[in-house]
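I set out to record what I looked up in one protein structure. The entries follow the order in which I took up each topic.

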Amino acid sequence: MSFYGIAGLFISSYLWCTILWNVGSGYDRFDRKEGIVRIFRWGFPGIKRRVFLQFLMRDIQSIRIRVKEGLYPRRILYMEIRGQGVIPLTRTDEKFFTPREIEQKAAELAYFLRVPIEVF
């Protein structure tokens with residue numbers, strides 16, 4: 001019993017630190033005049049706390065929607081970059097998007113970037 005109590009204490013402290021440090025929050029900036037996309041996210045404290053990605057708009061291949069239905073539905077929006085793979089734009093724990101909302105966000109972003117939409 002003490003093992004489960006200690007394990008629960010460590011897990012809860014990890015989750016509270018994640019919430020207090022605001023891990024995963026940030027912003028996406030799409031600048032059509034300069035043709036640059038900037039993605040900024042906060043990570044865990046340390047040397048690499050700030051995650052900053054910058055790339056050209058012409059390197060974006062497509063916008064992807066990953067839909068997983070079932071007991072724990074997931075609807076995640078990704079951006080596929082040439083040479084860098086896919087980058088998630090929505091948080092993976094945001095389960096509150098309806099299919100219509102995630103489709104609308106993807107359509108607006110794809111229209112702005114002038115790229116196709118892929119659904120997986």
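Entry 1. I began with Phe 44, which is partly exposed at a relative accessible area of 34%. By the definition I used, buried is under 20% relative accessible area, exposed is over 50%, and partly exposed is in between, with a 1.4 Å probe and protein chains only. The model is predicted: local features need pLDDT of at least 70, side-chain atom pairs count only at pLDDT 80 or more, and totals for chains, interfaces and linings use all residues. Residues are numbered from 1 along each chain as its sequence is written, and side-chain values use heavy atoms, with hydrogens and water left out.

Entry 2. I then located Phe 44 in the loop between β2 and β3 (50-56). Helices (H or I, at least four residues) and strands (E, at least two) are DSSP runs, numbered from the N terminus. Leaving aside residues up to four places away in sequence, Phe 44 touches Tyr 14, Thr 18, Trp 21, Val 23 and Arg 49. A contact here means heavy atoms within 4.5 Å.

Entry 3. Where does Lys 33 lie? I found Lys 33 in the loop between β1 and β2, and at 82% relative accessibility it counts as exposed. Lys 33 and Ser 12 are 21 residues apart along the chain, and their C-alpha atoms are separated by 45 Å.

Entry 4. I checked backbone angles next. Most residues other than glycine have a negative phi. Asn 22, however, has a positive phi, near 60°. Asn 22 sits in the loop between α1 (2-20) and β1 (26-31) and is partly exposed, with a relative accessible area of 43%. Arg 114 also has a positive phi, near 60°. I placed Arg 114 in the loop between α2 and β7 (117-119); its relative accessible area of 65% makes it exposed.

Entry 5. Which residues have the most contacts inside the largest nonpolar core? They are Phe 55, Ile 60, Ile 63, Met 79 and Leu 113, in a core of 19 residues. A nonpolar core is a set of buried Ala, Val, Leu, Ile, Met, Phe, Trp, Tyr and Cys residues joined through side-chain atoms within 4.5 Å. At least two residues of this core come from each of β2 (36-42), β4 (60-68), β5 (74-81) and α2 (99-113). The most is given by α2, with five residues.

Entry 6. Along the sequence they follow the pattern α-β-β-β-β-β-β-α-β. The radius of gyration is 17 Å, well over the 14 Å that the globule rule gives for 120 residues, so the chain is more spread out than a compact globule. This radius is taken over C-alpha atoms, and the rule is 2.2 Å times the number of residues to the power 0.38. The C-alpha atoms fill a box of roughly 55 × 40 × 20 Å along the principal axes.

Entry 7. Last, I noted that buried residues make up 29% of the 120 residues. Among contacts between residues at least 6 apart in sequence, 37% join residues at least 24 apart.
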